[in-house]
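Welcome! Here is a short briefing to read alongside the sequence and the model.

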Amino acid sequence: MKKIQLEILGLSSSQSQSGSFALILGEKGGNRRLPIIIGMFEAQSIAIQIEKISPNRPLTHDLFKSFAEHVHVVILEVVISDLKEGVFYSRIVCSDGATTFDIDARPSDAIAIGLRFGVPIYTVESVLSEAGIILSDLDEVESEAEEDEDEDDEDDDSDAPRPSRAQPEPREPSGQVSLDELTKMLAQALEKEDYEKAAKIRDELNKRNG
């Protein structure tokens, strides 16, 4: 199965789950984003490695790296391999010089370890198709919305002052919201870089369209 390389685009605190963080992965050379909710410890471990900070005492992922090096095992790559019932699965591809083998791991642990070995992060098309957010589609939605607003302005010949068109905050997806409204909410959430809410809205859209 063809693998798609990802890169880390950002890490932000989760707005809906206290103590959790949203790790944003992007398709390298593409326009899709993959948001994954991770725990506080894993987020700290990833952030420390990205910022090249040396902790006073080794974290668990540092310990894994030291152990692997002492037994002459190297990490080749990290693969986010599956998505089942909203849960991501991944594997760490390793080699001892003679054989290559996989270790099952949570994506957050796999990425934290992969960063320490400087190896690429991959996923597969099925995961990215189901959970990825496509930026180009949202840009088109925003452009259409702006064109509609411009047409409304041209049709209105009144000299009366117009109310400001402040963008509303993205709301939680609801069964009472129309598909068009959900699509606009998705565009607004992405514009604000609220990928966690965008993922929820995307899931609601998938349910409606399914």
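How many helices and strands are there in the protein chain? The chain has seven helices and eight strands, where helices (H or I, at least four residues) and strands (E, at least two) are DSSP runs numbered from the N terminus. Please keep in mind that this is a predicted model, in which local features need pLDDT of at least 70, side-chain atom pairs count only at pLDDT 80 or more, and totals for chains, interfaces and linings use all residues. Residues are numbered from 1 along each chain as its sequence is written, and side-chain values use heavy atoms, with hydrogens and water left out.

**The chain overall**
- Of the 210 residues in the protein chain, 39% are buried (under 20% relative accessible area, with exposed over 50% and partly exposed in between; 1.4 Å probe, protein chains only).
- The accessible surface (Shrake-Rupley method, 1.4 Å probe) is about 12,700 Å², and carbon and sulfur atoms account for 47% of that surface.
- Contacts are heavy atoms within 4.5 Å; among those between residues at least 6 apart in sequence, 52% link residues at least 24 apart.

**Nonpolar cores**
- A nonpolar core is a set of buried Ala, Val, Leu, Ile, Met, Phe, Trp, Tyr and Cys residues joined through side-chain atoms within 4.5 Å.
- The largest one has 29 residues, and L25, L34, I80 and F88 have the most contacts inside it.
- Helix α3 (residues 107-117) supplies the largest share of this core, five residues.
- A second, separate core has six residues, among them V177, M185, L186 and L205.

**Around strand β3**
- Strand β3 (residues 32-39) is mostly covered, with six of its eight residues buried.
- Strand β2 (residues 20-27) pairs with β3 (pairing takes at least two DSSP bridges) in the antiparallel sense over seven bridges, and F21 has I38 as its bridge partner in β3.
- Four residues lie between β2 and β3 in their hairpin, and G29 in the turn has a positive phi of about 75°.
- β3 also pairs with strand β8 (residues 133-134), antiparallel over two bridges, where R33 is partnered by I133.

**Around strand β7**
- Strand β7 (residues 121-124) is covered on both faces: I121 and T123 are buried on one side, Y122 and V124 on the other.
- Strand β1 (residues 3-13) runs antiparallel to β7, joined by four bridges, with Q5 opposite Y122.
- Strand β4 (residues 74-84) pairs with β7 in the parallel sense over three bridges, and V78 has I121 as its bridge partner.
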